[in-house]
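Dear colleague,

Please find below the structure that I am handing over to you. My findings follow it.

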Amino acid sequence: MRRIALGLQYVGTGWNGYQKQPSRDTIQDALEIALEKFARTKLSTTCAGRTDAGVHAVEQVVHFDTELDRPMQSWVRGTNTFLPDSVSVRWAAEVAPGPDGQEFHARYSARSRTYHYVLYNNPNPSSLLAGRAGWVFRPIDVERMQAAARHLIGLHDFSSFRASGCQANTPVKDMQEIRIERRGDIIVFTVRASAFLHHMVRNLVGALIYVGIGRNEPDWMAEVLAARNRDAAAPTFMPDGLYFAKIDYDPKWGLPQEQLSPLPWL
């Protein structure tokens, strides 16, 4: 058996999230249907992280096992032949066991995960960014949000930013980086952590926006974190601008991962 890893990119608008459902209207459904048509056999995939409805991926990583021996580029082009335009395979790589005999796993081999949130900050909405970016019409102070974000760096209990239906074993996560940059009317949040809770990034962005528009002071973020109570934070922000951006793996796996932007012009 060979273990194949794929780099997957998709626009989540119109899809019912990543994880397959009986309705067969998810990204995983589309991928496995395309793989079956190309390989002429059913192939079960495992992803690095499930995304919600409306959430996009700059680079999702999945793996599957197969006895088929085909060139890696054939997996890319052949699978893409049967995928809709909103989903594409960017690369494929066979992943052999490591020197210690450990097998690659798209989820459990990940060392950290990075998300981008793209926010359009303008008095009027943009039709060109509909579904691709969040929108706030009030003026936003990026420096205030940067000050608030500093309270979140490190190992913390993120219960205040956890969805009620979250199934994670623990709310304690290592927040490694939060970067907030303005590029004209576009604000890009880059969030990197060991792992994320359900809706955690959208809840963080919602709280940071409260600070950015002046509704709360930057130190309020420390109070929200210490409360360990979802009711202490801001409402969950819209999914439109959320992008699963990158999964960090040990270089020993040799994955041909790409450095890509959530929006081509950024």
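**Salt bridges**

E177, R179, E181, R183 and R192 are linked in a network of salt bridges. Please bear in mind throughout that this is a predicted model.

The structure holds 14 salt bridges. One of them joins the side chains of D65 and R3, at 2.7 Å from N to O. This pair links distant parts of the chain, since D65 belongs to strand β3 and R3 to strand β1 (residues 2–10), 62 residues apart. R3 is buried because its relative accessible area, 14%, is under the 20% cut-off. D65, at 31% relative accessibility, counts as partly exposed.

A further salt bridge is formed by the side chains of D248 and R111, at 3.2 Å from N to O. D248 counts as partly exposed at 26% relative accessibility, as does R111 at 43%.

**The two domains**

The domain assignment of the chain gives domain 1, residues 2–108, and domain 2, residues 111–243. Their centres, taken over C-alpha atoms, are separated by 28 Å. At the interface, eleven residues of domain 1 are in contact with eleven residues of domain 2. The two domains bury about 850 Å² between them, and 50% of this lies on carbon and sulfur atoms. On the side of domain 1, D52, V55 and H56 lose the most area to domain 2, together 50% of what that side buries.

Which residues form the salt bridge between D52 and its partner, and how far apart are the closest N and O atoms? The partner of D52 is R202, and the closest N and O atoms are 4.0 Å apart. The count between domain 1 and domain 2 is one salt bridge. Across the interface there are also eight residue pairs in polar contact. By class, the side of domain 1 that touches domain 2 has five nonpolar, three polar and three charged residues.

**Buried positions**

In helix α2 (residues 72–81), the residues W75, V76, G78 and T79 are buried. The buried residues of α2 pack against α1, β3 (56–66) and β4 (87–94).

Q28 is located in helix α1 (residues 27–39). It counts as buried, at 8% relative accessibility. Apart from its neighbours within four places in sequence, Q28 is in contact with Y18, Q19, K20 and T45.

A149 lies in helix α3 (residues 142–149) and is buried, with a relative accessible area of 3%. Beyond its neighbours within four places in sequence, A149 is in contact with I178, I180 and L208.

L197 sits in the loop between β9 (186–193) and α4 (200–212). Leaving aside neighbours within four places in sequence, the contacts of L197 are F158, R162, C166, A168, T170, P171 and K173.

With kind regards

Notes
Residues are numbered from 1 along each chain as its sequence is written. This is a predicted model: local features need pLDDT of at least 70, side-chain atom pairs count only at pLDDT 80 or more; totals for chains, interfaces and linings use all residues. Side-chain values use heavy atoms; hydrogens and water are left out. Domain bounds come from an automatic or database domain assignment. Contact means heavy atoms within 4.5 Å. Buried area is the accessible area (1.4 Å probe) that two parts lose on being put together, summed over both. A polar contact is a pair of N or O atoms within 3.5 Å; within protein, one must be able to donate a hydrogen and the other to accept it, and residues adjacent in sequence count only if both atoms are side-chain atoms. Ala, Val, Leu, Ile, Met, Phe, Trp, Tyr, Cys and Pro count as nonpolar, Asp, Glu, Lys and Arg as charged, and the others, Gly among them, as polar. Helices (H or I, at least four residues) and strands (E, at least two) are DSSP runs, numbered from the N terminus. Buried means under 20% relative accessible area, exposed over 50%, partly exposed in between (1.4 Å probe, protein chains only).
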